[in-house]
Amino acid sequence: MCPTCKNEFHLIKRGFYRRPSDQKKVQRYFCKSCKKSFSEQTYAMDFRQQKRWFNQSCFLTLCSGVSQRRTAYIFQVVPRTIARRVKKFGEICEKNLSEYREIRAKVHEVEFDEMESFIHSKLKPVTIPIAVEKGTRKVLALAIGNIGAKGHLKHLSIQKYGRRPSERLFALKNLAKSLQTCVATDARLSSDKCPLYPNLIRNYFPTASHYTCKGARGAVVGLGELKKTVFDPIFTLNHTYAMFRDNLKTLSRRTWATAKRKDRLLLLLNIYAWFHNLWLDRHVAKPRLDVYYG
Ligand SMILES: [Zn+2]
């Protein structure tokens, strides 16, 4: 397809060029209707990248509990390069995740809940609602939204940053909207006993059944998600949360590597969610950023 006039027919091959970064021969195309040319790289994931050799290892490193600065140090690139890759990878992974929701078979058992983190300081908390499929532990959808600080930080937060409007319901609605494409009509949704959830489920999944359970105290030091109870009804979800915390440096507790921007944290979450789904299928193929499902 021509990137200028979007036409798919009046295209001819027109020579090659040798890419300076890795000496690969790249096919050029010419569009006869708008007289513009483009190449097979135009739609490639590594279009206009100089350091395309480390994309795959960068993806794996970012999803292995390494900070962005340390990733830059490992690959001997400047931190800005990693920041750009995070943006690029995040967009790809978000697209992959939404395509995955559309092509996969309908899910019958979903667990969802919210995880909390913060942007820059504990005075600016965010909520991260995530939905996973029970059993396979695959991440189906996620969202992010600002929330107000709680407890003894509430007063200080208002004093320092003003009242931050809560985007909790907005984030939950975003999650529900994305979930609608992949959840079966007679699905069973499990969550904890948050008063916001029943209404949300009635609106978005009128025929699904909703099962709630009481939240329990955390067990492992620093992992509030892994519960001490003998049987945790939303274990799949809490296990996934614990994996997010362990493998994304910005989410780990008492970390120095705090997220600085909400949109960038969402990109990182999408990257990890996609990695997580590929990782669960690792007996089929190694997790690769440029491989699609289906
Ligand atoms: Zn054209």
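**Exercise: the pocket**

Find out which helix gives the most to the lining of the second largest pocket.

*Solution.* 
- Step 1: H3 gives the most, with 4 residues. Helices here are DSSP runs of H or I with at least four residues, strands are E runs of at least two, and both are numbered from the N terminus.
- Step 2: A word on what you're looking at: this is a predicted model, where local features need pLDDT of at least 70 and side-chain atom pairs count only at 80 or more, while totals for chains, interfaces and linings use all residues. Residues are numbered from 1 along each chain as its sequence is written, and side-chain values use heavy atoms, with hydrogens and water left out.
- Step 3: The second largest pocket holds about 530 Å³ of space. Its lining has 21 residues, and Gln68, Arg69, Thr250, Thr258 and Lys260 are the closest to its centre. Helix H2 (68-74), helix H3 (79-103) and helix H8 (262-280) are the elements that give two or more residues to that lining. (On a 1 Å grid over the protein atoms alone, a pocket is an open set of points where a 1.4 Å probe fits, with protein on both sides within 12 Å along at least five of seven lines; lining residues have an atom within 4 Å of a point.)
- Step 4: Sort the lining of this pocket by type and you get 12 nonpolar, 4 polar and 5 charged residues.

**Exercise: the zinc site**

Work out which protein donors the zinc ion has.

*Solution.* 
- Step 1: Look for the SG atoms of Cys2, Cys5, Cys31 and Cys34, which lie 2.2 to 2.3 Å from the zinc ion. (Donors are N, O and S atoms within 2.8 Å of the metal, or 3.2 Å for Na, K and Ca.)
- Step 2: Along the sequence, the donor residues follow the spacing C-x2-C-x25-C-x2-C. Cys5 sits in the segment before strand E1 (11-18) and Cys34 in the loop between strand E2 (25-31) and strand E3 (37-39), so this pair ties together parts 29 residues apart in sequence.

Decide whether Cys5 is buried, partly exposed or exposed.

*Solution.* 
- Step 1: Recall the cut-offs for relative accessible area: buried is under 20%, exposed is over 50%, and partly exposed is in between (1.4 Å probe, protein chains only).
- Step 2: Cys5 has 33%, so it is partly exposed. Cys34, at 23%, counts as partly exposed.

Terms used:
Grid points are joined across faces, edges and corners, and a volume is the space filled by probe spheres set on the points. Ala, Val, Leu, Ile, Met, Phe, Trp, Tyr, Cys and Pro count as nonpolar, Asp, Glu, Lys and Arg as charged, and the others, Gly among them, as polar.
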